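Subject: Structure for your files

Hello,

Here is the structure for you to look over.

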Amino acid sequence: MSIKRNIEIITSGLATGTSNSKRSCRLIAVSKTHPPALLQEAYDAGQRIFGENKVQEMITKYEELPKDIQWHLIGHLQTNKVKYIAPWVSLIHSVDSPRLAAEIDKQGNKAGRVIPCLLQVHIASEETKFGFDRNELLDFLKGPVPGTFTGLSIDGLMGMATLTNNEEQVRSEFRGLNALFEEISQMSFPPSVKMKELSMGMSGDYKIAMEEGSTMVRIGTAIFGKR
Ligand SMILES: *Cc1c(COP(=O)(O)O)cnc(C)c1O
């Protein structure tokens, strides 16, 4: 099937929404490893938000492709690379440590802007996935540091479920993240923290993620094919 058709099918599913969620959900087209020509095809089909997981690759594509694309970084970000994307990145989904948040704040201030970010929460059973666990997240959010941010805003949470065919496990991980998101939404925070976005769901599990309250699905394979 064509990229255009794949996007149409996915976005019509997102527009329909689900009984479990009254939130609206946006599509992040995950274009990592694919050449700019394929991104252009998605762009021509109306897609404007693209997700990349490597800084250098995102910069190359940013330079080559139309300027109204919103670039989302979804992969682990090293602190020494924040400065290269700070002036133009639209959203960083993968803030996984206080140290990285501090560097983004610094580079946002240098670039004269507030960089929208999500805090990545570790919800999978695999050890290798990055992110805050529940206690680390609450400690960080309740601590004094977020109140000092002027170059970064915390707009919500991101999580990746375990890679498994066990749908009930995936659902319960997404449900747990949504519960945490709602719990945090009730707390009071400095202006730099707003719980607006819940980024969860990939090609294999985005329908479940939507049912559990996702506001952003990050989909690669189901749009562009295998990497
Ligand atoms: C690669 C990637 C995706 C997309 O995965 P697909 O299975 O191809 O849809 C989503 N989120 C993150 C963080 C990724 O690295």
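A polar contact here is a pair of N or O atoms within 3.5 Å; within protein, one must be able to donate a hydrogen and the other to accept it, and residues adjacent in sequence count only if both atoms are side-chain atoms. By that rule, an N or O atom in the side chain of Arg218 is 2.9 Å from a nitrogen atom of the ligand. On its own the ligand has 390 Å² of accessible area (Shrake-Rupley method, 1.4 Å probe), and the protein covers 90% of it.

The model is predicted: local features need pLDDT of at least 70, side-chain atom pairs count only at pLDDT 80 or more, and totals for chains, interfaces and linings use all residues. Residues are numbered from 1 along each chain as its sequence is written, and side-chain values use heavy atoms, with hydrogens and water left out.

The residues around the ligand (a heavy atom within 4 Å of it) include Val30, Lys32, Ile74, Met160 and Thr221. By class, this shell has five nonpolar, three polar and three charged residues. Nonpolar means Ala, Val, Leu, Ile, Met, Phe, Trp, Tyr, Cys and Pro, charged means Asp, Glu, Lys and Arg, and the others, Gly among them, are polar.

Regards
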